[in-house]
Amino acid sequence: MQQNEIIKPENLVCGKPRLMNDNAMHYCPGCSHGVIHKLVAETVEEMGMEEKTIGISPVGCAVFAYNYLDIDWIEAAHGRAPAVASAVKRLYPDRMVFTYQGDGDLAAIGTAETIHAANRGENIVIIFVNNAIYGMTGGQMAPTTLLGMSTSTSPYGRDAEMSGYPLKISDMLALLDGTCLVSRQSVHSAAAIRKAKKILRRAFENSMSRKGTSIVEFVSTCASGWKMTPDASNRWMEEHMFPFYPLGDIKNN
């Protein structure tokens, strides 16, 4: 390479995926959503499925996912993304269909839709972003909030007697005969990002091979909701979230 030669972004391995547009993201600094978006874009592009991928995005921080990834999107009512995805995949079985949901969406108002879609073995991918809080609406306690974790609606920490226990919904979904892959990943480090991308690729391939429902849970941070800096939230996640939500495959047929 000649000195002062201009390096074009498209020639860099770390360049922006072609499926991600130039819109400025609305996510807070340190949020995991942006990295996960990038992995989805890279995987879809590498599989050559740009024109055959349909994403289903409901309510929550990721409601504007359609604003960043240049694929077909459908907006679903809060929690109903798996039901919509089931219909789309049955109508268009040659399409690669996935949902993109947070824990307040998937594990709360959408629990029924999630469980029944997975129990039917719908050939879809469910991407589940678990930051243990309602990040978009003020940092309230979510079904996945840890015991003792402070939120705007549990300022003294989650109490089991009052609010029950954190919901390990991925472990529940792994018990269903309709699921073929249930994996818990994160994007807190370069190594974790590489592994998560491989799991996403496997999940998408499963859906096209009609093996059943694949769930990829991302244990994530919410620096704003947790009232921490991005660096501190990453450390808190490693120290507190990972022991309760351990990373790795829960089910892999």
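Colleague: What should I know before reading the values?

Modeller: The model is predicted, so local features need pLDDT of at least 70 and side-chain atom pairs count only at pLDDT 80 or more, while totals for chains, interfaces and linings use all residues. Residues are numbered from 1 along each chain as its sequence is written, and side-chain values use heavy atoms, with hydrogens and water left out.

Colleague: In what order do the strands of the sheet lie?

Modeller: Helices (H or I, at least four residues) and strands (E, at least two) are DSSP runs, numbered from the N terminus. Two strands pair if DSSP finds at least two bridges between them. Here 7 strands form an open sheet with mixed pairing, in the order 2-1-3-4-8-7-9. Strand 2 (72-75) and strand 9 (248-252) are the edge strands, each pairing on one side only. On average, neighbouring strands of this sheet are turned by 15° against each other, direction ignored; axes are lines fitted to C-alpha atoms, for helices over the stretch in contact, and angles run from 0 to 180 degrees between N-to-C directions.

Colleague: How many bridges join strand 1 to strand 2?

Modeller: Strand 1 (residues 53-57) and strand 2 run parallel and are joined by 4 bridges. Ser-57 has Glu-75 in strand 2 as its bridge partner.

Colleague: Which strands does helix 1 touch?

Modeller: Contact means heavy atoms within 4.5 Å. Helix 1 (residues 33-46) packs on the sheet and touches strand 1, strand 3 (96-102), strand 4 and strand 8 (213-219); its direction makes about 175° with that of strand 3. Helix 7 (residues 190-208) lies across strand 3, strand 4, strand 7 (179-185), strand 8 and strand 9, and runs at about 165° to strand 7.

Colleague: Is Asn-130 buried or exposed?

Modeller: Buried means under 20% relative accessible area, exposed over 50%, partly exposed in between (1.4 Å probe, protein chains only). Asn-130 has 0% relative accessibility, so it counts as buried. Asn-130 lies in strand 4 (residues 125-130). Not counting residues up to four places away in sequence, its contacts include Asp-103, Thr-144, Glu-217 and Tyr-245. Met-136, in the loop between strand 5 (133-134) and strand 6 (140-141), counts as partly exposed at 44% relative accessibility.

Colleague: What counts as a salt bridge, and how many are there?

Modeller: A salt bridge is a side-chain nitrogen of Lys or Arg within 4 Å of a carboxyl oxygen of Asp or Glu. By this rule the count is 16. In one of them, Glu-50 pairs with Arg-18, with the closest N and O atoms 2.6 Å apart. Glu-50 lies in the loop between helix 1 and strand 1 and Arg-18 in the segment before helix 1, so the pair ties together parts that are 32 residues apart in sequence. Glu-50 is buried at 17% relative accessibility, whereas Arg-18 is exposed at 55%.

Colleague: Where do Asp-231 and Arg-235 lie?

Modeller: Both lie in helix 9 (residues 230-244), 4 residues apart, about one turn of the helix. Asp-231 and Arg-235 form a salt bridge, and their closest N and O atoms are 2.2 Å apart. Arg-235 counts as partly exposed, at 42% relative accessibility. Elsewhere, salt bridges that share partners join Lys-38, Glu-42, Glu-46 and Lys-197 into one network.
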